[in-house]
Amino acid sequence: MKILIVNGPNLDRLGKREVNIYGNMTLEEINNKISNHFKGKVEIDFFQSNEEGAIINTIAKAEEHYQAIVINPAAYSHYSIAILDSIRGVDIPVIEVHLSNIYSREQYRKNSVTAEGAIGVISGFGWQSYILAIEFLISKY
Ligand code: DQA
């Protein structure tokens, strides 16, 4: 099984950005943790962009090479119908993850429009949100 992890805007600044909320690990450190955790079990590739169009293009092409997507659309979660449409447009399962618990934060973060296209959402477990999503994909697909 091959899984693509897609990370949205500002997640390239993890480790520096709002560490009280997102922790002090960089995205590279998180990606290494995920790769090591699943070594020999599943192939995982990583993509990050601060640009909506690049995320949409990546989701659209993913079904040619991957059996599932784990996405943290970051702030786009709360308003990008374009990313929702791209998630709905692919025939592979998509799980949405968030490092923080978006339901315990500001009102404008409590709703995720992109989550409407996902099979489910894992929110609030820090970098382990990604691990939980992948564990589910392995067990189910
Ligand atoms: C986030 C939550 C979003 O509200 C925020 O804009 C992010 C990160 C999370 O992983 O907790 O950039 O998606």
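## The sheet

In this predicted model, five strands form an open sheet in the order 2-1-3-4-5, with parallel pairing; helices (H or I, at least four residues) and strands (E, at least two) are DSSP runs numbered from the N terminus, and two strands pair if DSSP finds at least two bridges between them. Strand 2 and strand 5 (120-123) stand at the edges with a single partner strand each, so one side of each has no neighbour in the sheet. From one strand to the next the twist averages 20 degrees, where axes are lines fitted to C-alpha atoms, for helices over the stretch in contact, and angles between N-to-C directions run from 0 to 180 degrees.

Residues are numbered from 1 along each chain as its sequence is written. Local features need pLDDT of at least 70 and side-chain atom pairs count only at pLDDT 80 or more, while totals for chains, interfaces and linings use all residues, and side-chain values use heavy atoms, leaving out hydrogens and water.

## Strand 1 and its partners

Strand 1 (residues 2-7) has five of its six residues buried, buried meaning under 20% relative accessible area, exposed over 50% and partly exposed in between, with a 1.4 Å probe and protein chains only. Six bridges join strand 1 to strand 2 (residues 43-48) in parallel, and within this pairing Ile3 has Ile44 as its bridge partner. Strand 1 also pairs in the parallel sense with strand 3 (residues 68-72), over five bridges, and here Asn7 stands opposite Asn72.

## The annotated binding site

An unreviewed UniProt entry places the feature "binding site" at Asn72, His78, Asp85, Leu99, Ser100 and Arg109; its positions are given in the numbering used here, feature names are shortened, and annotations may be inferred rather than shown by experiment. These residues are spread over 38 residues of sequence and also in space, up to 23.9 Å between C-alpha atoms.

## His78 and Arg109

His78 is found in the loop between strand 3 and helix 4 (81-88), whereas Arg109 lies in the loop between strand 4 and strand 5. His78 counts as buried because its relative accessibility is 18%, and Arg109, with a relative accessible area of 15%, is buried too.

Not counting residues up to four places away in sequence, Arg109 touches Tyr22, His78 and Ile102, contact meaning heavy atoms within 4.5 Å. With the same exclusion, His78 touches Ile102, Tyr108, Arg109, Asn111 and Val113.
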